[in-house]
Amino acid sequence: DGTVDLGDVRIVLSLDPKPPVAFAKFRARAQARTSGEGGGPTPLESGRVYFEMAMPMGDHRYSLPPAADGWHEADVVLPLCASGDRRWFATVEGVVAGRPRVARFQLSLAPPRTESSK
């Protein structure tokens, strides 16, 4: 899980499985939390997550509809770059307490499983 502190708000991004596997569906979960002692979930309105690499890999934008316990979730599939680079960047955007918020995270994909690795 990754966390970005934005002053009064903390954005959390959680992926399942960890690490996500290229070409396989994984769950991206985001949550906005109030910062400080005892901070809890707070609404993330119009939540979105998008994924990009240093080189163009197509459009990978997903809406983050509300789910249980203050989380917002999307099922995601990302390709593996032909160069072998596994590093992706995830950007979570949304409105928290009437203000636009943006948090950027780095992640690495695992290579797809082959018949011999199952």
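How many bridges pair β2 and β3, and in which sense? The pairing covers 8 bridges and is antiparallel.

1. Basis. This is a predicted model, in which local features need pLDDT of at least 70, side-chain atom pairs count only at pLDDT 80 or more, and totals for chains, interfaces and linings use all residues. Residues are numbered from 1 along each chain as its sequence is written, and side-chain values use heavy atoms, with hydrogens and water left out.

2. Elements are DSSP runs numbered from the N terminus: helices are H or I with at least four residues, strands are E with at least two. Two strands pair if DSSP finds at least two bridges between them. Strand β1 (residues 2–5) runs antiparallel to β2, with 4 bridges joining them. Gly2 faces Leu13 of β2 across this pairing. The two strands make a hairpin with 3 residues between them. Gly7, in the turn, has a positive phi of about 85°.

3. Burial of β2. Buried means under 20% relative accessible area, exposed over 50%, and partly exposed in between (1.4 Å probe, protein chains only). Of the 8 residues of β2, 6 are buried, so the strand is largely enclosed by the rest of the structure.

4. Core. A nonpolar core here is a set of buried Ala, Val, Leu, Ile, Met, Phe, Trp, Tyr and Cys residues joined through side-chain atoms within 4.5 Å. The largest one has 28 residues. Phe51, Val76, Val92 and Phe105 have the most contacts inside it. The elements giving two or more residues to this core are β2 (9–16), β3 (26–34), β5, β7, β8 (87–96) and β9 (99–108).

5. Phe51. This residue counts as buried because its relative accessibility is 3%. Contact means heavy atoms within 4.5 Å. Not counting residues up to four places away in sequence, Phe51 touches Phe26, Ala28, His60, Tyr62, Val76, Leu78, Trp88, Phe89, Ala90 and Leu107.

6. Aromatic pairs. Rings of Phe, Tyr and Trp (its six-membered ring) pair if their centres lie within 6.5 Å; planes under 30 degrees apart are stacked, over 60 edge-to-face, and the rest tilted. The structure holds 2 such pairs. The ring centres of Phe26 and Phe51 are 6.2 Å apart and the planes stand at 85°, so this pair is edge-to-face. It links distant parts of the chain, with Phe26 in strand β3 and Phe51 in strand β5, 25 residues apart. Both Phe26 and Phe51 are buried. Phe51 and Tyr62 also pair edge-to-face, at 6.1 Å centre to centre and 75° between the planes. Here Phe51 in strand β5 and Tyr62 in strand β6 are 11 residues apart. Phe26, Phe51 and Tyr62 form one aromatic cluster.

7. His60. This histidine lies in the loop between β5 (45–52) and β6 (61–63). His60 counts as buried because its relative accessibility is 11%. A polar contact is a pair of N or O atoms within 3.5 Å; within protein, one must be able to donate a hydrogen and the other to accept it, and residues adjacent in sequence count only if both atoms are side-chain atoms. A polar side-chain atom of His60 lies 2.8 Å from the backbone oxygen of Met57. Residues that His60 touches include Val49, Tyr50, Phe51 and Trp88.

8. His72. This one lies in strand β7 (residues 72–76). At 6% relative accessibility, His72 counts as buried. The backbone oxygen of Leu64 is 3.2 Å from a polar atom of the His72 side chain. Among the residues touched by His72 are Arg29, Leu44 and Pro66.

9. Arg29 over Trp71. A charge sits over a ring if NZ of Lys or CZ of Arg is within 6 Å of the ring centre and within 35 degrees of the ring normal. The charged end of Arg29 sits over the ring of Trp71, 4.1 Å from its centre.

10. Backbone points to check. The peptide bond joining Asp16 and Pro17 is cis, with omega about 5°. Another cis bond runs from Lys18 to Pro19, with omega near -10°. Asp69, not a glycine, has a positive phi of about 60°. Asp69 is in the loop between β6 and β7, and is exposed at 66% relative accessible area. Ala97 also has a positive phi, near 55°. Ala97 sits in the loop between β8 and β9 and is exposed at 67%.
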